[in-house]
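Take a look at the side-chain contacts in this model. Which charged groups pair, and how do the aromatic rings sit against each other?

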Amino acid sequence: MSAATTGGSAVTTAGRRRGTSRLGWNLLGLLVFLVAGFPLYWMLNTAFKPAKDAIDPDPSLFPTGFTLDNFRRALDIADFWGPVGRSLIVSLAVVVIGMIVGVLAALAISRFAFRGRKVVIVGILAVQMVPLVAMIIPVFLLLNDLEQYDKLTGLIITYLTFILPFTVWTLRGFIVNIPKELEEAAMVDGCSRTSAFIRVVFPLLAPGMVATSVYAFIQAWNEYLYALMLLSQKHQTATVWLGNFTTKHGTEYAPMMAGATMMAVPIVVLFLLVQRKMAAGLTAGAVKG
């Protein structure tokens, strides 16, 4: 057998192996997509099907009917726009404050050497490891002493205690990947440290800030436990509002799924608006500059 024939066979075998490996990874990705996407599909399926079909002991995988009555029921059972508006206020406030403080803190940790720097980094990690349920009583007592119980400002402060460490740690990873030489070159050209950050670092950090902001917004928007414990029904947020569908007579699953679908709309819209920046931020955080 000639060398050319042997080489051709080896190339063909290698190509088949790569094709088989690619097919296997594609099938695995499809399986992960189906598993992760099925709850979303079932939520939409239940939201648009008749209420009697939602409690059928033998449910159908595919829609058997289409109705908008569940959405009308969801809007009638309790005030919807009030809780949604309060959730938007809290989530946006948490994102804005978290970004301002987080960027400054991440910049200090990443660019300046100061005494206790490692302790601060370890402290940020340690805070994220504490279960949120373990802090309910201390947070309740503290907010009560500060006269912030049953106020949106108190809930914002509470959310910042566990979203801000996540924000600082994530932004630190993005800033570390931006070479210091870029700032130094700008300062040599006459920029101050602040001007170098605004003109050089900030544009490179923007995609990472967008990605971090989206995750922080989702965390604040979806949080349920503290919103339930720290706010009265008069000031409830959207996640607590969903609890109105569970009564002593049972759970109205179809209207509840309709309400959950409406609650998901702001997240979907936000993601569609920033998806390109978010993808760029996720990839930027994984590459060493």
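## Basis

This is a predicted model, in which local features need pLDDT of at least 70, side-chain atom pairs count only at pLDDT 80 or more, and totals for chains, interfaces and linings use all residues. Residues are numbered from 1 along each chain as its sequence is written, and side-chain values use heavy atoms, with hydrogens and water left out.

## Salt bridges

Side chains of opposite charge can pair when their charged atoms come close. The structure holds four salt bridges (a side-chain nitrogen of Lys or Arg within 4 Å of a carboxyl oxygen of Asp or Glu). One of them joins aspartate 69 to arginine 72, at 2.1 Å from N to O. Both residues lie in helix H3 (residues 69-77), three residues apart, about one turn of the helix. Helices (H or I, at least four residues) and strands (E, at least two) are DSSP runs, numbered from the N terminus. Aspartate 69 is partly exposed at 42% relative accessibility, and arginine 72 is partly exposed at 47%. Here buried means under 20% relative accessible area, exposed over 50%, and partly exposed in between (1.4 Å probe, protein chains only).

Another bridge pairs glutamate 183 with arginine 111, with the closest N and O atoms 2.4 Å apart. This pair links distant parts of the chain: glutamate 183 is in helix H8 (residues 180-188) and arginine 111 in helix H4 (residues 81-111), 72 residues apart. Both glutamate 183 and arginine 111 are buried.

## Aromatic pairs

The structure holds eleven aromatic pairs. Rings of Phe, Tyr and Trp (its six-membered ring) pair if their centres lie within 6.5 Å; planes under 30 degrees apart count as stacked, over 60 as edge-to-face and the rest as tilted. Phenylalanine 38 and tyrosine 41 make a tilted pair, 6.2 Å centre to centre, with 45° between the planes. They are three residues apart in helix H1 (residues 3-48), about one helical turn. Phenylalanine 38 is partly exposed at 40%; tyrosine 41 is partly exposed at 31%.

Phenylalanine 217 and tryptophan 221 are stacked, because their ring centres are 5.9 Å apart and their planes are at 10°. These two are four residues apart in helix H9 (residues 193-222). Phenylalanine 217 is buried at 6% relative accessible area, and tryptophan 221 is buried at 2%.

## Cluster and charge

Ring pairs link Phe38, Tyr41 and Trp42 into a cluster. Lysine 49 lies over the face of tryptophan 42, 4.8 Å from the ring centre. A charge sits over a ring if NZ of Lys or CZ of Arg is within 6 Å of the ring centre and within 35 degrees of the ring normal.
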